[in-house]
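My entries follow in the order in which I made them.

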Amino acid sequence: MKVIILAGGRGTRLPNSAKDIPKALVPIRGKAILDHQLELLAKHGLSDVRLSLGFRAEQIVAHLKKMDSDNVEYLIEPEPLGTGGAVRFAAKGLKDDFMVLNGDIISDFDLTELLRLHEPATPLIVSTWREDARDFGLLGIVNGKIRAFLEKPETPRPGFINAGCYILNPKHLGDIKEKAFMLEKDVFPRLVEEGELRTHIHLGFWQDVGTEERLAEVRRSV
């Protein structure tokens, strides 16, 4: 299965760690975030990878060559496209199901199990549990399907959140005319209304590295 990694982020909430580099190249224990993700994919036999690049793309391209990762494809967004636009841009030419991985997460996803449970042409989001979901928003899950995307709670509240790993099909992106759009606002809610959006609950390690605080936490854990 083709895997698209959304690696075009600017890292605006990482003013120190991503001051001069794209977020995907921020180091954790001597390896770039991107390298950790590629190693996870390789562990589960997923080597057909395409990167969606944007901010300081040339640095990531140079990094791939340095790491002898010439087999990894990449496309460079002509302008910021949002998560949905970036996926549609990177999915050009694809007709079958593909996996999407947000470029700012570190995890031990069991992708082999995820693929085993996946139903062809059925959209799927990996979810995970957070004791404090204020920064993420909550998912309403019923019988293995996502029934609602809830607002971020104002006070500490536990619950399931979007873990930034998806399996989609080109048809799931719909006929959105705008170049820039968001999966979280323009695609997933529609799939919820259609009753199609399934979830796989991840019980292992997961952390996003979108802020300096979370990055420090990951560096202590990995």
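**Salt bridges**

I call it a salt bridge when a side-chain nitrogen of Lys or Arg is within 4 Å of a carboxyl oxygen of Asp or Glu. This is a predicted model, so I note that local features need pLDDT of at least 70 and side-chain atom pairs count only at pLDDT 80 or more, while totals for chains, interfaces and linings use all residues. Residues are numbered from 1 along each chain as its sequence is written, and side-chain values use heavy atoms, with hydrogens and water left out.

How many salt bridges does the rule give? The count comes to 12.

I looked up R50 and found it in a salt bridge with E73, with 2.8 Å between the closest N and O atoms. The pair links distant parts of the chain, since R50 is in strand β4 (residues 49-53) and E73 is in strand β5 (residues 73-76), 23 residues apart. Helices (H or I, at least four residues) and strands (E, at least two) are DSSP runs here, numbered from the N terminus.

Is R50 buried or exposed? I take buried as under 20% relative accessible area, exposed as over 50%, and partly exposed as in between (1.4 Å probe, protein chains only). R50 counts as buried because its relative accessibility is 11%. E73, at 34%, counts as partly exposed. I also traced a network of salt bridges that links K2, D48, R50 and E73.

Next I checked E39, which forms a salt bridge with K31, the closest N and O atoms being 2.8 Å apart. E39 is partly exposed at 41% relative accessibility, and K31 is partly exposed at 33%.

E119 has 40% relative accessibility and so counts as partly exposed, whereas R198 at 17% counts as buried.

**T122**

I then went to T122, which lies in the loop between α4 and β8. T122 is buried, because its relative accessibility is 17%. Which residues does T122 touch, not counting those up to four places away in sequence? With contact meaning heavy atoms within 4.5 Å, they are I167, H172, E196 and R198.

**Strand β11**

Nine of the 10 residues of β11 are buried, so the strand is largely enclosed by the rest of the structure. I count two strands as paired if DSSP finds at least two bridges between them. Strand β6 (residues 98-102) runs antiparallel to β11 and is joined to it by four bridges; L101 has C165 as its bridge partner in β11. β8 pairs with β11 over six bridges, again in the antiparallel sense. Here I noted that R130 has G159 as its bridge partner in β11.

**Pockets**

On a 1 Å grid over the protein atoms alone, a pocket is an open set of points where a 1.4 Å probe fits, with protein on both sides within 12 Å along at least five of seven lines; lining residues have an atom within 4 Å of a point. Grid points are joined across faces, edges and corners, and a volume is the space filled by probe spheres set on the points.

The largest pocket holds about 1,500 Å³ of space. Of its 47 lining residues, T83, N102, D104, M182 and E184 are the closest to its centre. Which element gives the most to this lining? β11 does, with five residues. By class I list 20 nonpolar, 14 polar and 13 charged residues in the lining. Ala, Val, Leu, Ile, Met, Phe, Trp, Tyr, Cys and Pro count as nonpolar, Asp, Glu, Lys and Arg as charged, and the others, Gly among them, as polar.

The second largest pocket has a volume of about 210 Å³. Its lining includes R130, D132, R134 and D135. Helix α6 (residues 212-221) gives the most to this lining, with three residues. By class the lining has one nonpolar, two polar and seven charged residues.
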